Amino acid sequence: MTNGFGKRLVVRLLLTILLTFTVLGTLGSGYAGYLLSSPKVCLSQVEKQQAAAKIHDSVETYLNVVTEDWIAERLEEQITSEYQILNGAKLSYQLDMSDLEAALTQFFSDYAEEINYTKDSTYEQKLQETIDNAEAELTSQLDVYHFSTMRNANILSRLTGKQLYLWIACGVCGVVSLLLMGILMGLERNGEWGMLYFPGCALFINGVFLILPTAWVLATSYFSGLAIKVPAVYAAVTGVLYHCTRVGLVAGIVLAVLGLAAIVGSTIGRRK
């Protein structure tokens, strides 16, 4: 009798461990797929962390053309376009700086007329150098998530189109999780522990697994120690990292509460 009970318990424990991993796989692949598919998190953190204001404070305003609103519009344009490419769109984009170019051209023209300077090749060369330098500085400052660096390192090319695989992994892990829950509940339909006891254990373990590291990261402000010198980049990157950490913490709390409720409910029901 004892031997039979031990075998049944081992089977349930193995299924519970497997369920723990499949639930974690469902959540992890699902959220990773969301992060790669949608720019919402990146865009919201750029706004929340006031990246536009930080960039505005660190660059030339170029005849007051480069305002906070101008920067915010270009940030949204860049991030949205990068995500479109990441999701397989065949497009090539360049930040729209036509208004900046027009303002600098007009300024040079007015100044040349004021001092009676002939618009010769030297004039044209100096104007183009100024425009190129302004666009290079702003392009660099606006790339708060270092998309260009990741593109040059072939990181973006490796991620392009991988969202589908993550969604498939999420779906497979989700289906397997439901099957394992069904099996565990079926095994305990008339068992000693209650139908929801072992699924509850798996959810509770997942919850603890997520809560401990995320709570530690938030409590110690771990990402605040990142050696990023550019204020806007630092704010945007750490903002995304802390956002993901908070999502993990909330998910962990929900799983732990659900798991604990299932365990307690099964225990109480078994004693009646």
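Good morning. Leu164 is exposed, with a relative accessible area of 53%; here exposed means over 50% relative accessible area, buried under 20%, and partly exposed in between, computed with a 1.4 Å probe on protein chains only. Leu164 belongs to helix α9, where helices are DSSP runs of H or I with at least four residues, numbered from the N terminus.

Before I continue, a word on the source. This is a predicted model, in which local features need pLDDT of at least 70 and side-chain atom pairs count only at pLDDT 80 or more, while totals for chains, interfaces and linings use all residues. Residues are numbered from 1 along each chain as its sequence is written, and side-chain values use heavy atoms, with hydrogens and water left out.

I turn now to helix α4, which covers residues 68-86. It has 19 residues and reaches 27 Å from its first C-alpha to its last, close to the expected 27 Å; that expected span is 1.5 Å times one less than the number of residues. Which residues of α4 are buried? They are Trp70, Ile71, Arg74, Leu75, Gln78, Ile79, Ser81, Glu82, Tyr83 and Leu86. After α4 comes Gly88, whose phi is positive, near 100°.

Two helices that pack against α4 deserve attention. In general, two packed helices are described by the angle between their axes and the distance between the axes. The axes are lines fitted to C-alpha atoms, for helices over the stretch in contact, and the angles run from 0 to 180 degrees between N-to-C directions.

The partner I take up now is α2, residues 40-48, which packs with α4 at an angle of about 165°, the axes being 10 Å apart. The two are therefore roughly antiparallel to each other; the classes are roughly parallel under 35 degrees, roughly antiparallel over 145, roughly perpendicular from 65 to 115, and oblique for the rest. On the α2 side, the contact is made by Cys42, Leu43 and Val46, and on the α4 side by Leu75, Glu76, Ile79, Thr80 and Tyr83. Contact here means heavy atoms within 4.5 Å. By class, this contact has six nonpolar residues, one polar and one charged. In that scheme Ala, Val, Leu, Ile, Met, Phe, Trp, Tyr, Cys and Pro count as nonpolar, Asp, Glu, Lys and Arg as charged, and the others, Gly among them, as polar.

The other partner is α3, residues 51-58, whose axis is 9 Å from that of α4, at an angle of about 120°. That angle makes α3 oblique to α4. Ala51, Ala52, Ala53, Ile55 and His56 of α3 meet Glu68, Ile71, Ala72 and Leu75 of α4. This contact has seven nonpolar residues, one polar and one charged.

Gln50 lies in the loop between α2 and α3. It has a positive phi of about 55° although it is not a glycine, and at 51% relative accessibility Gln50 counts as exposed. Leu63 sits in the loop between α3 and α4 and is partly exposed, with a relative accessible area of 42%. Not counting residues up to four places away in sequence, Leu63 touches Ala103, Leu104 and Phe107. From Leu63 to Val233, 170 residues apart in sequence, the distance is 24 Å, C-alpha to C-alpha.

Is Ser109 buried or exposed? At 12% relative accessibility, Ser109 counts as buried. Leaving aside residues up to four places away in sequence, Ser109 touches Lys119 and Tyr123. In the loop between α5 and α6 (121-142) we find Asn116. Asn116 also is not a glycine and has a positive phi, of about 60°; it is exposed, with a relative accessible area of 69%.

Finally, Arg189 lies in the loop between α9 (163-187) and α10 (197-220). Arg189 counts as exposed at 62% relative accessibility. Its C-alpha atom and that of Pro199, 10 residues apart along the chain, are separated by 13 Å. Thank you for your attention.
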